[in-house]
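Student: I would like to work through this structure with you. Where shall we begin?

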Amino acid sequence: MKQQISECMDGELDAQAAHRVFSQVAESAEYRAEWTIYHMIGDGMRDAPDLRMDFVERVTQRLAAEPTVLAPKPILPSRAGFANYAMYAAASLAAVAVVGWIAFVSEPAATQLARNDAAPMIAKADRVKADPVRPKLSPLNSRDHDYLLAHQAVSPSGPMLGVAPYVRTVSFGTEANGR
Amino acid sequence: MAAKPRAPRALHIVWPGIAGSAAGIACLLLAGSAAAEQNQNADPMAWMQKIQHAAQNVNYIGLLVYQQGQQMQASRITHAADAGGEHEKLETLDGAPKEFIRDNDEVKCYIPDTKTVVIEKRGSARPFPGLLTTQVGSLDQLYEMRLSAPDRVAGFACQMIVLTPKDNLRYGHRLCVENNSGLLLRAQTLNSRNEVIEQIAFTQVGIGVPVDRQALRSRFATAGSTWRVENAGARPADLSQSGWVLSNLPPGFRKVMELLRTRTGQNDPVGQMVLSDGMAAVSVFIEPEGPGNAPAAESRLSKQGAISVYSLQVGGHTVTVLGDAPADSVMQIGNSIEFRKP
């Protein structure tokens with residue numbers, strides 16, 4: 001199950017398997033703790049500032065304290081799918097651009113570095129395309145094995161110089177029954 | 001790495017007349033130089049360079065164990081450096097026998113099961129192993145580098161170096177380096193949850209040992225002369241010139257090489273771009289659709305150990321991105337490729 005939680009967080013499970021993990025995590029305090037710890041480790045590695053176990057509780061409390069908004073459901077345009085997605089993407093990018101712009105304006109003494117950081121963010125907004133969907137994981141095929149061999153031949157892979165990385169091509173080969 | 005100025009140790013001999021103070025100065029100077037050495041030992045970058053230098057220049061014979069997921073693979077490695085360059089042999093000890101023989105930039109892979117020899121020759125297109133040296137300067141912008149508690153691997157005391165990526169587009173590394181020679185004794189690759197996803201380690205090794213020429217020959221060298229030879233030739237190429245552009249690489253990744261590969265029995269050459277951030281390496285293969293390469297309907301993602309593979313169709317070509325980087329990273333690289341008619 002640990003393995004599955006981990007894979008789920010990496011987005012490696014298909015929808016069905018992910019839903020199974022979600023429901024199991026929802027039911028078990030132990031898995032929920034696991035889930036939280038994994039996220040905390042991830043956050044820690046990414047230097048996220050707020051490393052506390054009770055993150056979920058605090059968000060839940062804040063949500064509960066929020067007033068209920070009674071508003072009519074928006075009428076969805078009939079052309080569902082991509083148009084929608086693109087619209088959301090555009091909207092969120094616009095938000096990024098706005099946030100970037102506000103940061104830019106409200107900090108007149110901002111350094112050149114900050115300016116440089118903000119500028120490309122705005123510039124990007126008019127030529128961003130939606131990322132393709134992440135495909136389901138499939139095993140390596142025989143072409144991949146040829147490519148792996150070709151990759152190792154020229155790979156400057158870290159400190160593992162020379163032929164040592166070729167071990168990979170051997171190890172992968174035994175499982176995939178290929179080269 | 002910035003070289004620390006070394007205190008001239010012979011100074012106290014030059015000024016014998018003022019023996020008392022000179023001895024004092026000498027003491028200070030010696031202490032200073034010891035401190036400089038200490039500093040150098042505390043610098044992870046210096047260790048990275050030491051690793052690279054040792055990988056090329058030290059003779060060693062040892063048993064390597066490679067592990068990823070449920071898989072384990074033992075092999076014997078023999079490495080020698082002499083006036084003629086680097087010579088290396090890797091032979092598998094588990095499962096189907098295979099041998100890899102390297103003489104400088106040529107690698108021969110002997111596969112007795114299929115009676116095949118695959119020959120990979122890099123020719124002049126080889127920027128390695130100098131690569132790490134040229135990129136080592138930017139490593140600390142991409143990874144937080146620190147020294148950790150000393151450890152022991154294969155009976156040798158070693159220094160542990162930890163590289164933690166500053167984003168989630170590369171893996172972390174834990175390296176154990178033999179204190180004196182700088183030989184890398186264990187390398188672990190870590191995911192974003194600090195779990196080891198792949199590791200390679202010596203279980204036994206002789207460092208600085210004499211290596212017999214015979215020990216570097218394949219035991220299939222004689223039999224292999226009658227085997228089928230697959231020449232996986234590669235020549236330098238300019239793929240950007242022919243219209244292939246990578247527009248949105250993950251931070252720190254740079255293109256270090258562009259090749260055209262031809263394989264025995266295949267007419268259309270395959271383009272290969274090699275990218276690296278100084279630690280991780282990713283290849284982008286571009287193969288035209290043809291009889292041997294039917295276009296796939298949709299993109300494909302595979303993972304094994306630290307290797308991720310992402311494949312997609314772009315402008316009548318199959319583009320395959322493969323390397324020791326997380327899925328997000330190879331997907332970003334793959335999705336950033338564009339073909340612009342030159």
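Tutor: Begin with S10(B), residues 184-190 of chain B. This is a predicted model, in which local features need pLDDT of at least 70, side-chain atom pairs count only at pLDDT 80 or more, and totals for chains, interfaces and linings use all residues. Residues are numbered from 1 along each chain as its sequence is written, chains are lettered from A and ligands numbered from 1 in the order in which they are written, and side-chain values use heavy atoms, with hydrogens and water left out.

Student: How many residues of strand S10(B) are buried?

Tutor: Buried means under 20% relative accessible area, exposed over 50%, and partly exposed in between, with a 1.4 Å probe and protein chains only. Strands are DSSP runs of E with at least two residues, helices are runs of H or I with at least four, and both are numbered from the N terminus. S10(B) is mostly covered, and its buried count is seven of seven.

Student: Which residue of S10(B) stands opposite B:His173?

Tutor: Two strands pair if DSSP finds at least two bridges between them. S9(B), residues 172-178, runs antiparallel to S10(B), joined by six bridges. Opposite B:His173 stands B:Thr189.

Student: Which residue takes a positive phi in the hairpin of S9(B) and S10(B)?

Tutor: Five residues lie between these two strands. The positive phi, near 85°, belongs to B:Gly182.

Student: And which residue in S11(B) stands opposite B:Ala187?

Tutor: S11(B) covers residues 196-207 and pairs with S10(B) in the antiparallel sense, over five bridges. Their hairpin has five residues between the strands, with a positive phi of about 65° at B:Asn194 in the turn. The residue opposite B:Ala187 is B:Ile200.

Student: Now chain A. How many helices and strands are there in chain A?

Tutor: From the N terminus on, the elements run α-α-α-α-α-α-α-α. The count is eight helices and zero strands.

Student: Where in chain A is confidence lowest?

Tutor: pLDDT is the predictor's confidence in each residue, from 0 to 100. Chain A averages 61, with 47% of the residues at 70 or above. H2(A) has the highest mean, at 84, while the lowest, 32, is found in H6(A), residues 112-124.

Student: Is A:His151 buried or exposed?

Tutor: A:His151 lies in H7(A), residues 142-154. Its relative accessibility is 1%, so A:His151 counts as buried.

Student: Which residues of chain B does A:His151 touch?

Tutor: Contact means heavy atoms within 4.5 Å. Residues up to four places away in sequence are not counted. The partners are B:Gln272, B:Ala281, B:Val282, B:Ser283, B:Phe285, B:Leu322 and B:Gly323.
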